[in-house]
Amino acid sequence: MKPKILVTREVFDETLTFLGQHCEVESNQQDAAFDPETLARKLVDKDGVVCCLTDRMDAKLLERCLRLKVVANIAVGYNNIDLAACTARGVMATNTPEVLTDTTADLAFALMLATARRLTEAEAYIRAGQWHGWHLKQMLGVDVHHATLGIIGMGRIGRVIARRAQGFEMRVIYHDPVRLAADIEQRLKATYASKDELLAQADFVILQMPYMPQTHHLIGAAELKKMKPSAILINSTRGGIVDDAALVRALQDGTIRAAGLDTFEGEPKFNPEFLELKNVVLAPHVGSSTEATRRAMAMTAAKNLVAALTGGTPPNLLNPEARKN
Ligand code: DGY
C-alpha cells in the first residue's frame, strides 16, 4: 500500500506526478492556505506532508497527527516548523537549501539597486503622468558601485551576495556569529566586522540570517540609529528580524535613507505606514520566485518526502535524531 500524503498548497504538475508514483496524494490545488483546524483534520490519516512556510507545523498539530513521519517544507527557512516537537515525535523535517541560493541573492541585489536608484518611485511618477522632461536633479539616487556593503548573516546566500558585490566593485564587510575561514574571506573579498562596526560603516546593510528567537528584532531602533543617515537597509530574509515599527519611524525621520523589503513582520499583513513612504521598495516575499527555482524547490521537497517514506535518508533532513525515535 502506498503511503498517504497531503500537499498543502498549489505545486507544479511534475511535482504531483512524481509524488503520485510513490504515494497516495491528496493535494490542495486551490492555493488557499488551510486554517489550522482543517490542516490538522486533513493530516490525521497522513504519513507525510509537503507544506509551505504559510503552514504552521507546531506541537499542537503534531500531537493530533500520530501517523505523520515527515514534514517536507518547500522553503529553506523553516521557522514555521517546530523542529523540537517534530524530533520528540520522531517526525522527520526537511527543507530546500541550495536550489534557491542564487535566485534569492539576485533578489537581494535587485532590492538594493531598486532602492538606491529609486526605481519604484520613478515608475509610479511616470505612470502618474508626472514626467514632463529630463532635468539635472531628477530622482537623484545613490551609487551601488564602489559603496560599502555590510552583510549580516554569511551563510550560503550571504556569500553569494558577496560574490555578486565584487562585480560592482563594492567593499564588503560582514558579520556572523561564526567567522569564516581566512581563505573563504579572501576569496569573497569580505572583511569581518562586529555588528556595531558594520552598522556604522555600511552604505547598504543586507540581512541574511534565519528567523529564530535569537534573531527577533535584531534590527530595532537602537541599531537603526547606529547606521549612517545615508544608509539603506535590505531585508529579504524573514519578517520579525527587523522591528518594522521602528523601521517606519527611522524612514520617516531620516535616521536612515531608505529600505528594500521582501519580508515583513506578521506577513502577509504588514505595517500600512510603509505604503505612505516613498523611500521604501516593497515586494511580497518573492525572493526565490523564479519559475526554475520554484519548480526546483517543489521537486526537492517532494524528493525529501519520498526518501523519508521509502526508508531512505532525505537529502535535506533537518533533524537526523528523529529517525532514532
Ligand atoms: C525560503 O525558502 O525560506 C524562502 O523565503 C521562500 O521563498
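An oxygen atom of the ligand is placed 2.9 Å from a polar backbone atom of Gly-77, a polar contact being a pair of N or O atoms within 3.5 Å. The model is predicted: local features need pLDDT of at least 70 and side-chain atom pairs pLDDT 80 or more, while totals for chains, interfaces and linings use all residues. Residues are numbered from 1 along each chain as its sequence is written, and side-chain values use heavy atoms, without hydrogens and water.

**Ligand contacts**

- A polar backbone atom of Val-76 lies 2.7 Å from an oxygen atom of the ligand.
- An N or O atom in the side chain of His-285 is 2.7 Å from an oxygen atom of the ligand.
- On its own the ligand has 230 Å² of accessible area, of which the protein covers 90% (Shrake-Rupley method, 1.4 Å probe).

**Ligand surroundings**

- The residues around the ligand (a heavy atom within 4 Å) include Leu-53, Ala-75, Leu-100, Arg-238, Ser-288, Arg-294 and Met-297.
- This shell consists of 5 nonpolar, 3 polar and 2 charged residues; Gly counts as polar, and Asp, Glu, Lys and Arg as charged.

**Second largest pocket**

- The second largest pocket holds about 280 Å³ of space; a pocket is an open set of points on a 1 Å grid where a 1.4 Å probe fits, with protein on both sides within 12 Å along at least five of seven lines.
- Its lining (residues with an atom within 4 Å of a point) has 13 residues, and Thr-120, Glu-121, Ala-124, Leu-277 and Lys-278 are the closest to the centre.
- Helix H6 (119-127) gives the largest share of this lining, 4 residues; helices are DSSP runs of at least four residues.
- The lining comprises 9 nonpolar, 2 polar and 2 charged residues.

Conventions
Grid points are joined across faces, edges and corners, and a volume is the space filled by probe spheres set on the points. Helices (H or I, at least four residues) and strands (E, at least two) are DSSP runs, numbered from the N terminus. A polar contact is a pair of N or O atoms within 3.5 Å; within protein, one must be able to donate a hydrogen and the other to accept it, and residues adjacent in sequence count only if both atoms are side-chain atoms.
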